[in-house]
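Please read this briefing alongside the sequence and the three-dimensional model. The points are grouped by topic.

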Amino acid sequence: MSRSQCERLFEEAQSLIPGGVNSPVRAFKSVGQTPIFAARGEGAYIWDADGKKYTDYIGSWGPLILGHAYAPVVDAVCEAAHEGTSFGLPTAMEVEMARLITELVKGVEMVRMVSSGTEAVLSAIRAARGFTGREMVVKFEGCYHGHSDSMLVKAGSGLATAGQPDSAGVPANTAAATLTCRYNDLEEIKKIFAAHKDEIAAVIVEPVGANMGVVPPAPGFLEGLREITAANGALLIFDEVITGFRLSINCASGYFGVTPDLWTFGKIIGGGLPVGAYGGRRDVMSMVAPLGPVYQAGTLSGNPVAMAAGFAALTALRENPLIYRELAARGERLRAGLDKIFKKYGVAACVQGIESLATIFFTAGPVKSYDEAKKSDTARYARFWSGMAARGILMAPSQFEALFLCAAHSDEDIEYFLVCADEVAGSEGF
Ligand code: PMP
């Protein structure tokens, strides 16, 4: 059989790029399949390098809440590019963007644009350390906050012991300043604070866990974090790289009514271009250079083309509040439909999510933390993924990711997803 274009590209890529990809998830390792090389996208659909069409539920891993090649974003990008792609000087659009974000997210008084979620997180943590004069940070198991040294840390050997590097190349000393806690476990975080009194600069959390599959916060969890951090002089950071402008136009903080001290953003805020941002309390953000002693900079920060894309995306979302209602309804329909299908076939599964996010865990559930997420039958997930991909449905190849709905997914798309899921779940050997 002749090889496909995707296979040819992957073979060549592997000799030139580590693993053939510029970000590990794209290698499709967990499903043992040749990566899909994307050629084109439009609305809810993409076409690969061989011309095969998929309904896309990866959505670039979150940014594309409006779908692929959304016309107002594409137009804004083209217009901005014609005026110059980068200046390294401030531009009016950066002021507009900052104004828009501070208007939309209650509690964000100042904001600094960067170029990725990773950069937003590492900068926010530096600001928190600079502001508090403390070094330790707490993160939750199963939450992902980008690939900065402090955040590539797994739990130590016991409660409240120093974190261990989760990647080669991360200094043990850096990892030791990061403590890890079980998601949704307020008792554990209380113990961590008791063991490290006056040492913790910040607690960083995904207000909805979306990097261990989707794990919503238990009632009272975010409120509890708010209380405990405030009582201990530590800052609370909401990493809203996924939830920001996805759960609602006012982000997860507005959605849940819990106000952290700092926020990190990415994905949707760039409309599909490389953008991140961090912001929050004026007194904390005033620590950032050139105003204060916490250094952080970027040649392409606030890039005019990227700002135009993000501004167009956020403006479209703000002007069309119905989008969120429709996304929520379709998300609910998808989750309820899947639930019914797995029950029908007696498959142990737990479909979780919120608004436009969903995950199918192949375990009875509910999944409230990473240890519970890890109980999912990942081999079964891989079989489900392959069955769906064969039918033209593209989901994240890893179990521990979210399924992203976008405004371009129609009721028919959801219906087709459910028809395919029924076929796969009912198939022999599944
Ligand atoms: N935080 C969260 C919650 C994320 O999901 C991600 C990326 N998936 C990041 C940070 C890192 O963002 P980036 O990949 O843009 O560096």
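Seven strands make up an open sheet of mixed pairing, ordered β4-β12-β11-β10-β9-β5-β8. Strands here are DSSP runs of E with at least two residues, and helices are runs of H or I with at least four residues, both numbered from the N terminus. Two strands count as paired if DSSP finds at least two bridges between them. The model is predicted, so local features are reported only at pLDDT of at least 70 and side-chain atom pairs only at pLDDT 80 or more, while totals for chains, interfaces and linings use all residues. Residue numbers start from 1 along each chain as its sequence is written.

- Strand β10 (residues 235-239) and strand β11 (residues 262-265) run parallel and are joined by three bridges.
- Within this part of the sheet, D239 stands opposite T264 in β11.

- Contact here means that the C-beta atoms of two residues, placed from the backbone, lie within 7 Å.
- Angles run from 0 to 180 degrees between N-to-C directions, and axes are lines fitted to C-alpha atoms, for helices over the stretch in contact.
- Helix α7 (residues 221-231) lies across β9 (200-205) and β10, and runs at about 145° to β10.

**The α6 and α7 pair**

- Helix α6 (residues 186-195) and α7 have axes that come within 10 Å and cross at roughly 15°.
- This makes α6 roughly parallel to α7, a term for angles under 35 degrees; over 145 is roughly antiparallel, 65 to 115 roughly perpendicular and the rest oblique.
- L186, I189, K190 and F193 of α6 meet F221, G224, L225 and I228 of α7.
- That contact of α6 with α7 comprises six nonpolar, one polar and one charged residues.
- In this classification Ala, Val, Leu, Ile, Met, Phe, Trp, Tyr, Cys and Pro are nonpolar, Asp, Glu, Lys and Arg are charged, and the others, Gly among them, are polar.

**The α11 and α14 pair**

- Helix α11 (residues 322-344) packs against helix α14 (residues 411-425) at an angle of about 20°, with the axes 10 Å apart.
- α11 is therefore roughly parallel to α14.
- α11 and α14 cross in the right-handed sense.
- Residues of α11 in this contact include R330, R333 and L334, and those of α14 include I414, F417 and L418.
- The contact of α11 with α14 divides into nine nonpolar, one polar and three charged residues.

**The ligand surroundings**

- Around the ligand there are 15 residues, of which S116, G117, T118, G146 and V241 come nearest.
- A residue counts as near a molecule or strand if its C-beta atom, placed from the backbone, lies within 6 Å of it.
- Helix α4 (residues 117-132) gives the most to this shell, with three residues.
- The shell holds five nonpolar, eight polar and two charged residues.

**Antiparallel strands elsewhere**

- Strand β1 (residues 38-42) is joined to strand β2 (residues 45-48) by four bridges, and the two run antiparallel.
- β1 and β2 form a hairpin with two residues between them, and G43 in the turn has a positive phi of about 60°.
- G41 has I46 in β2 as its bridge partner.
- An open sheet of three strands has the order β13-β14-β16 and antiparallel pairing.
- Five bridges join β13 and strand β14 (residues 357-361), and V351 stands opposite I360 in β14.

**Backbone exceptions**

- In general, most residues other than glycine have a negative phi, and most peptide bonds are trans.
- The A289 to P290 peptide bond is cis, with omega near 10°, and P290 lies in the loop between α9 (282-285) and α10 (304-319).
- G365 and P366 are also joined by a cis peptide bond, with omega about 0°; P366 lies in the loop between β14 and α12 (370-373).
- A69 has a positive phi near 50° and lies in the loop between β3 (53-56) and α2 (71-82).

Technical notes. A crossing is left-handed if the near helix is turned anticlockwise from the far one by less than a right angle, and right-handed if clockwise.
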